Amino acid sequence: MEALQKAYEARSKKLNKIEKVKALKSPKEAYEKLEEYAQNGYASIPDEDKSYFLKCFGIYDRPATPERFMLKLRIPGGYMNASQAQVIGECAEEFGQDYIDLTTRAQCELRYLRIEDLPLIIKRLEAVGIDAYQTGVDNIRGIMADPFDERAFDNVLPSHHILLKMQEIFLHNYEWISALPRKFNTAITGNIANRCNVFCHDASFVLAQKDGVYGYNMYLGGKVGVVGKSADIFLKDADEVLAAFDAIIHIFKRFGFRDNRNKNRLHFLIEAVGIETIAAAIRESAGIDFATAGETMTKMDYYEPDQGKVQLRDGSFGVHVVVPSGIFKGSALMEAARLAETYGDGNIRLDMEQSFYLMGVQDVPSLLQEEFFKSYKSLNTPYFNHLIACAGTEHCPFGVIENKNDAIAMANYLDAKVPLESGRVRMYWSACVKGCGIHGLGDIGFEGCKAKVEGVNGSGVNIYLGGQLTAVSGAVEGHTVIKGAPLAYANYYVESLLLEYKRLRKPNESFENFTQRVLHNFTYAKIGFMMMLKAYMRAKKIDIEFGFETKVHTGKNEEFEVFELGRKLYFQLAKQEAYSAYDRFTNVVKREKLEDIRKLVPGIDENIAQMLELILHEDEAKRAVVFSELIPFIMLYNK
């Protein structure tokens, strides 16, 4: 523990402003005044309660909806029964403009709530076993788990009962409410498929096997944009999981940094002292010499949304309900509750992609004939089946773009322009750098930003590619391929990518596998440039066969890629080579002049002509060697 103490002292020179707010009172004092605030109205609530203390109980004052609150509910592992769904739906319809947000943590949020109604709403929810305790700010948030725990064919270790015991350690316990330096996210799965983004949490307990025994490997320090590290700890049973969990939250509570809130998550404590030190502290705190890590068994991707249903172990089905961008209605949730009881076993399971499953369904065809499925499909198009989008500017003070409807608009655009009868494309949208839409883990990710068009600032996105939820070493974050794409043009850039997917994909190949097989042969700079170039060519009606190749010889060397692209584009347009002979990625005869493509292709687009001159210039010293030099020629507003 000595190293942890030293790291803590080194960062304890000053406290951040939130820690100073915490010192004003206890969260309990604020919560006990909720009835008083309801009677006296919004203006009676002190600023510190609106900005911090009420958030400890999931009550968020939302400036985007003045004098209206968001209530973030705790749905353990996304498990909800029909009675709970009915009451949540009623509260949303009666008090919250019939609006519900489904979240990427398999939870739901009510919005547009008045302070006058909150005590009654909370009582109604508590009557069916739902509350919002510790769902905000510096608390242990809702724990994620596999929606098919115990019931799926790929489930090895039922884990929901462990999740509930983990909650018992901290939930409704005032020793833990607002006691941490920052929020703490947790996940547990005993399944082979990764349906809960299990590797990207502060603490993750992942199905593993060691010496013929099934248990859990422990991963630590994950967060948005960061995959957790293996703690090299194997936990053989529920008791060891609970001991390790109790140890890590106590370590974080005691030694977590409390100065710079942007660097106060568990990730930064691990960064300061090393994962080995944290693992040793966990063993010491728990009083158990945990075994070293076994082989992680959660290695498969999940495909249930691509079939619309999944057979469960008892022969019944979990039927998928696609909720684009998580925008849902209270009235729709009440109808889902009715369907869950009429056709299923009365259970609903929320998932990490802002959708859910009706569980225990015996007669799937009859269920799908219900009017409900005209609005919320069981099987949508590949662009909607895995669509995620966080709250955005309409509801979140950090949002840079509207986001939810932007995501839906792009999915609709791609459906019209690049229809796919089958396939799997995970498009994840975050409205800002905080990444609540887990954009870095999408096949194609979008991060809201500001972007300029002809000097005028507007909405934009940074476009990511190549995120993976499951890989050999866990999850993999994607990489930026286009920075600051104006939102008005992002559809066209992504269209380029999906046209290539449709052209080159193998039967039933997912976009993730297509990325691994084809796109990973190129630099990210070339991929982004090709997305923009093909969009420009479509806009200019330059109809030639030009795209990505499946056999590549440039070795992910950007300079070689630039020259090779120029050479092939010149040939496609002029029907002749730019030079008579080549030595790898340059011309052999150095005195040979480049023939003006304008003479060979009358009426050629001037931007393309100038770009080719820069790529293929006779003087190698004057050639473009990186794609960023070429982007000004193909900006869509040049058309």
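I began with a charge over a ring: the charged end of K434 sits over the ring of F398, 4.5 Å from its centre. I counted such a case when NZ of Lys or CZ of Arg is within 6 Å of the ring centre and within 35 degrees of the ring normal. R567 likewise lies over the face of Y582, at 3.8 Å from the ring centre.

I noted that this is a predicted model, in which local features need pLDDT of at least 70, side-chain atom pairs count only at pLDDT 80 or more, and totals for chains, interfaces and linings use all residues. Residues are numbered from 1 along each chain as its sequence is written, and side-chain values use heavy atoms, with hydrogens and water left out.

I then turned to aromatic pairs, meaning rings of Phe, Tyr and Trp (its six-membered ring) with centres within 6.5 Å; planes under 30 degrees apart are stacked, over 60 edge-to-face, and the rest tilted. The count is 26 aromatic pairs. Y42 and F69 form a tilted pair, 5.9 Å centre to centre with 55 degrees between the planes. F199 is buried at a relative accessible area of 2%, and Y219 is buried at 8%. Ring pairs also link F328, F356, F372, F373 and Y376 into a cluster.

Last, I looked up N139, which is buried at 0% relative accessibility. Its contacts (heavy atoms within 4.5 Å) include W176, R182 and F184, leaving aside residues up to four places away in sequence.

How values were computed:
Buried < 20%, exposed > 50% of the residue type's maximum accessible area, 1.4 Å probe, protein only.
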